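Colleague: I would like to learn how to read a few features in a model. Shall we take them one at a time?

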Amino acid sequence: MKYLIVGLGNIGMEYELTRHNVGFLILDRLADKENLSWSSDRLAFTCLFQYKGRQIHLIKPTTYMNLSGKAVNYWMNTLKIPKERVLVVVDDIALPFGKLRLKAKGSSAGHNGLKNIEELTGGQNYARLRFGIGDDFSKGRQIDYVLGRWTPKEIEDLPGPMDQAGEMITSFCTLGLERTMNQYNR
């Protein structure tokens with residue numbers, strides 16, 4: 001069984017440690033844990049590992065956030081992975097910092113990366129793992145906040161929820177969406 005795990009973010013050093021790139025950071029952490037190396041491939045950085053009989057394909061789209069659907073659609077079709085075995089890891093301002101929420105489907109909630117995935121893959125029926133980045137910004141400053149760098153305190157507190165996100169990813173691939181949601185969503 002093959003799974004496609006997509007971490008959303010923007011390529012380039014200027015975005016590397018921004019809140020909007022938490023999808024990339026989580027996949028980087030999981031890849032490090034599994035001793036994987038990223039390859040530059042068509043529309044994404046990719047790597048693959050085996051886990052309990054599953055082939056888990058990790059991708060970090062190189063299309064920039066707003067065109068993430070192009071990479072997701074390409075890799076779903078190339079690897080012949082159905083939507084029910086795709087998981088998108090994304091930042092979420094509606095959740096407090098470090099809070100994780102696994103969902104079977106849902107709206108983009110204004111997130112341009114998710115909007116593009118919906119447009120190019122045919123709807124909202126794909127799993128997403130939302131990582132809370134909080135909403136500590138004043139009116140009209142959302143873009144500056146999500147594209148802003150983590151605070152020193154947030155950097156200190158990131159490893160725990162990032163490791164839990166990695167556990168949720170492997171659980172999604174082995175136990176399935178419903179059981180993983182029941183176990184981790186609180």
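Colleague: Is Cys-173 buried or exposed?

Modeller: Buried means under 20% relative accessible area, exposed over 50%, partly exposed in between (1.4 Å probe, protein chains only). Cys-173 has 0% relative accessibility, so Cys-173 counts as buried. Cys-47, at 8%, is buried too. One caution: this is a predicted model, where local features need pLDDT of at least 70, side-chain atom pairs count only at pLDDT 80 or more, and totals for chains, interfaces and linings use all residues. Residues are numbered from 1 along each chain as its sequence is written, and side-chain values use heavy atoms, with hydrogens and water left out.

Colleague: How many disulfides does the structure hold?

Modeller: A disulfide is a pair of cysteine sulfur atoms within 2.5 Å. The structure holds 0. For the sulfur of Cys-173, the closest cysteine sulfur is in Cys-47, 12 Å away, which is too far for a bond.

Colleague: Which residues of helix H7 are buried?

Modeller: Helices (H or I, at least four residues) and strands (E, at least two) are DSSP runs, numbered from the N terminus. An α-helix has 3.6 residues a turn, so residues three or four places apart point the same way. In H7 (residues 177-184), the buried ones are Leu-177, Thr-180, Met-181 and Tyr-184. Down the axis of H7 they fall within an arc of 100°, so they line one face of the helix. That arc is taken over the directions from the helix axis to the C-beta atoms. Arg-179 and Asn-182 are exposed on the other side of H7.

Colleague: What do the buried residues of H7 pack against?

Modeller: Contact means heavy atoms within 4.5 Å. The buried residues of H7 pack against E6, E7 and helix H6 (159-174).

Colleague: How do the side chains of strand E6 point?

Modeller: They alternate along E6 (residues 100-103).
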